Amino acid sequence: MTRAPGGHRGKGADVLGAGGDALTVKQIERLVLDLVRAGDVTTLRAVRDRVTSRRTQVAAQRATRYMHDPVGWARDVINWSDGEGLTAYQVDILRKLPEERRVAARGPHGLGKALQLNMRVPTPTGWSTIGALRPGDVLFDEHGKPCRVVGKSPVWQTDTYEVEFADGTIITTHGEHEWNAVDVYHRPKTPRPNRRTITVTDWRDHWAATRQVTTAHMAENLRTAGGQLRWRIPTARPLDLPEVALPVDPYVFGYWLGDGNSRDAGFTVHRSDWPSLQERVLAAGYHHGEVRGDGRRPDTLAVTVSTSPVRRGNPAPDTLHSRLRTLGVLSNKHIPTSYLRASVEQRRELVRGLWDSDGYRQAGGSDELTTTSPALAEGIAELLRSLGLVVRVRESDSKINGRVVGRRWRIAARFDFNPYRLPRYDWSPAGSQGSRHTQRTIVDIRKVDDQPTQCIEVDSQSHLFLAGESMVPTHNSAMAAITVLWFATTRDAAGIDWKILTTASAWRALSTFLWPEIRKWARRIRWDVLGRPQFNEMSELLMLNLKLAHGAATAIASNKAELIEGAHADSLLYLIDEAKVVPDGTWDAIEGAFSGGQTSGLPEAFALAISTPGPPSGRFYDIHSRKPGFEDWFVRHVTLAEAIAAGRISPDWAEQRARQWGRDSAMYANRVLGEFHASDEDSVIPLSWVEAAVERWHEWNDAGRPALDGREVVGVDVARAGGDSTVLAYRTGLAFTELEFHDREDTMETTARVQAAVKRVPGMVPVVDSMGVGGGVVDRLRELKEPVLAYTGAAKTKMRSRDGEWGFNNTRSAAYWRCREHLDPAFGATLMLPPDDLLLADLTAPTWTVTTGIPPKIRIEPKEDLVKRMGRSPDRGDAVVMGLFAELLASSTVRSPARPSQGRSAAASRYGRRMGGAPSSSGGRR
C-alpha cells in the first residue's frame, strides 16, 4: 500500500476498514495524536465519524437490552443515592407495562422533601426545629399567614447540600428538596395571546411566576451561560400576628434599646430630637423627669422616663424601670420574643424607635444601624426579617481613635415602610430596581457530608412554609417521569420512530408537577451507561417537551382529544396523570392507537394512567372496577400500608388526616386509602365539585391573577371557642381569592380587622355571623358606621331552590344549598375556591334531609351536630357560604346609620326578589 504524506493515511484507512474494531482505545488515541501533529484533518474526521458510529451502535445495543425492561433501566441508569431505589409497588407497575401494554394505578398522596432536623423554623411563639415539629404545630407560609403542620416523613441520611444566599443565610437540605424559585431565564409574562414580559416591582406578588425546582437541579445550573447567578427566592410577607399587650410602648422601648442607659430608664437624646421623643413619650401615657444637659456635649440631653409620674424620694411601684427589669433587659439589652411576635404595626414602631435613636441613611436607598451588642444585633436582624425584609449583617472591629476596643455589627435593610419618625430624616421609598430587594439570590450550593433531614407537610395553599433564621419560603410523580425517560432514551437510541404524549386532568398537573419531575430525574441519569451526552436544556429537554433525534415527548391538554388522536409513530406511549377526571373523549382517542398496535414488535403502543381515586364514576373508575370492555387493562391499587412501608407516607400524617377529615369521609378514602369513594349520598356538596372549583382557582392564579369583576364581599365567621379560628373569606364576583385565619382574637380585634378590610377595598361589604359572639362584631361595626350584612343562620327564609320546588327550614340551609347550586357542573359552574384541605372538608361534610310541607323543605345538618361529628367547627366552610349569600340577605341589613338604604339593591333586582324576603311574582325561581 502507498503511504500517505506523513505516513498516517494508510494506518487511518486500516482502522476505518476494520469498522473501528481493529485498534484498542489507547491505539486510537495515539493515532489521533499523530494525525493532529501531521495536520491530517481529512483522516481525523473519518476516524471521528467511525468511532462515533461505533459508539452509537454500542448505545443502541444497550438500549435494546432495556427496550422492554424499565425496571432494569431504572436500576442501572438512574444515579441512586445510598438507600434509594424503586419501591416494591413501583417495580410491580413498571414491570407490567411492557407485558400488559395498558396499566392503570391508583394510590394515596405522598409527602414533600426534606430539611435538616435542627433547621430552625419560625412559629407564632418563637422558634422550633424541623425535628421537634409535630402535626398540628403552627408555622408561617410565604404570605406571613399561619399554617399548620399536617404530616412528617421518615428521616433521611443522604444527598445533603448547603444552599447559601447573598445575605449570608445558609440552609442545609436534601438534594431532592423542592423550592419555588425565580429563574432568570423565565421572567413572568402576561397571559396569552399577547405575551409580554411583566415589569416586576415586588417579587412577593409573583409567586405564580416561580419554578418548582430541586436543590440538586439548582446546584447543577447555578449560573447562566453568561455567568449570571440564575436562582432567586422571593422574600416572605411580614408575619401576620395579632396585636398583643406589651409592657412597654414599642417605640419607646426601641428608642431605649438604641440610646437608653442599660442599667435604668434614662435616655440620652440629641437636643433637636427631644421635642419629637417627648411627644411620643406623652402620647404613650408616660411621664418624664427633669431634662438635663450634658456639660461635655452641649447638644446632648439626659432624661428619665417612667410609666408613672416621676417623684423624687417616693418611687411608684410600677415604673418604666421596673418593667424593663421584668423584661430582663436591664444590663442585658435584647429584644424579647413578645416583641418579635407582636403585630406588624407594633414591630414597625419598635423599628422606628431603634432607627430614630441609632439609625442612619445610606447611599443607594438602604438604612443602617450599628450596635456593639451581639444579642441586640441578632434580635434586630430577626425583627426586620419578620417584617419581610432582606437583611445584611456585617461584623467588624469597633475602634476608638484607631484602637480596637471590641466588635461591632452593622445591620442594613432596604425598607418598604418609613423606619423613622424624626422629621430630620428625609426618607422616601426606594426607586429603581426595588424588586431586587424582595428576593434573595442564591450565590452557592455545595454538597456536604450527609446529615439527617426530614420533610414536613403544611396546609398552606401553596404548601410553602418559612424555614431558617432568614425565614426563606420553601416547599413541601417519580414513576411517571422515569417511565417517560426510559421510553424516550431506549427508542431513540435504537433509531425507532417514537412519540410520548403526556396529559392530565389539569394543565397545572403537567406544567407544575409532571414535567419538572421529568427534568429532575433526567439530571440523575448516568449518561455513560446510555452512551450519549446529557440532554441539552436549550434544544432537547425543554419546559414541556423532550425533542431527540427520532421522536419527541410533549404535554397536551386533556380536552384536546383531536391532538391525541392525531399522534402517529412506530412506538407510542400515552401517560395520563391525575386520570380520575380526564374526559372520556381523551380515553377513546388513546384507545384508537391500540387498534394498530401489536402484542410484540412494531408498531407498538403503551398507556400508563396514574391518579388518586375520586368518586366512583368516569373511565378511570370503569377501568379499575373491571367493567365489560376494559379487561385488557392491568390495574394496581397501591395501599396505604404499602406507601407507609416504602417511606412515602408517614403514619402520623395518615392519622392526622383521619382526625381532620373523618375516617368515613370521601377525602380520607380518596387521598389516604387510595380508594374510590363518592361523597356521602346525603352530602350537600360532592367532593368532585369542590375540587373542580379549586382547579379553576389554580388556573386563574397561574394566569397571573387577571382582574376579576363583581361585588367585593368578605365572609366573616367569628371564633366561638379557644380551638376555633376567626376566618375571613374574600370574594370578588364568583371568585373566593383568599382565606385569612386568626386565632385567639377577641371581638374588638376582629372588628378592627374587618374594618381595615372594608377601608382597604372600597365598596367591600362584610357578611358577619350574628349568632353568639359574632353579634358583638356586627353591633360594633354599626356603631362605627360601617356597612355590614348580619347573617343569622337560624332565621326563617322563604327562599326556594333553583327549580323552585324546594324550600328551606332556615337561612343556613338556604345558604349551603346556594353554594351547591353555584358548584353544580350541570349549570356551567364558574365559582372559584382557594386550595385548602380544611375548606374542602368543611363544604363536603354537611348532610341534608327533606322535611314534609308545602313546599317540602331542605334541612342541612345543624352546626352543633356537625361539630360533634367532625370534632371541630367548620369555620372555613361557613365563611365561604356566608360570603356567597351576601346578595340574598335582607336589604335592610346592608346599611349603616351613615348609609341609609336606597331601596332594592342591584343584586336584588338581578334576582327579581326582595333580598331574602318573599318570592317575586315569578315564583321565586333564580
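Visitor: Which residues of helix α7 are buried?

Guide: A residue is called buried when its relative accessible area is under 20%, exposed when it is over 50%, and partly exposed in between, with a 1.4 Å probe and protein chains only. In α7 the buried residues are Pro-250, Tyr-251, Val-252, Phe-253, Gly-254, Tyr-255, Trp-256, Leu-257 and Gly-258, that is, nine of the ten residues of this helix, which spans 250-259. Helices (H or I, at least four residues) and strands (E, at least two) are DSSP runs, numbered from the N terminus. This is a predicted model, in which local features need pLDDT of at least 70 and side-chain atom pairs count only at pLDDT 80 or more, while totals for chains, interfaces and linings use all residues. Residues are numbered from 1 along each chain as its sequence is written, and side-chain values use heavy atoms, leaving out hydrogens and water.

Visitor: What covers the buried residues of α7?

Guide: Contact means heavy atoms within 4.5 Å, and the cover includes strand β12 (266-270) together with the helices α8 (274-283), α9 (320-327), α10 (337-340), α11 (344-358) and α12 (374-385).

Visitor: How should I read the packing of α25 and α28?

Guide: Two packed helices are described by the angle between their axes and by the distance between those axes. Axes are lines fitted to C-alpha atoms, for helices over the stretch in contact, and angles run from 0 to 180 degrees between N-to-C directions. Helix α25 (residues 811-823) packs against α28 (residues 875-884) at about 85°, with the axes 9 Å apart. The two helices are therefore roughly perpendicular, a label for angles of 65 to 115 degrees, whereas under 35 counts as roughly parallel, over 145 as roughly antiparallel and the rest as oblique. Among the residues that meet are Tyr-816 and Cys-819 in α25 and Val-881 and Leu-884 in α28.

Visitor: In what order do the strands of the five-stranded open sheet stand?

Guide: Strands of a sheet pair through backbone hydrogen bonds, either parallel or antiparallel, and two strands are taken as paired if DSSP finds at least two bridges between them. Here the order is β32-β31-β30-β33-β34, with mixed pairing. Strands β32 (735-742) and β34 (789-791) stand at the edges with a single partner strand each, so one side of each has no neighbour in the sheet. Seven bridges join β31 (residues 726-732) to β32 in an antiparallel arrangement, where Ala-729 stands opposite Leu-739.

Visitor: Is Thr-441 buried or exposed?

Guide: Thr-441, which lies in strand β20 (residues 439-447), counts as buried because its relative accessibility is 18%.
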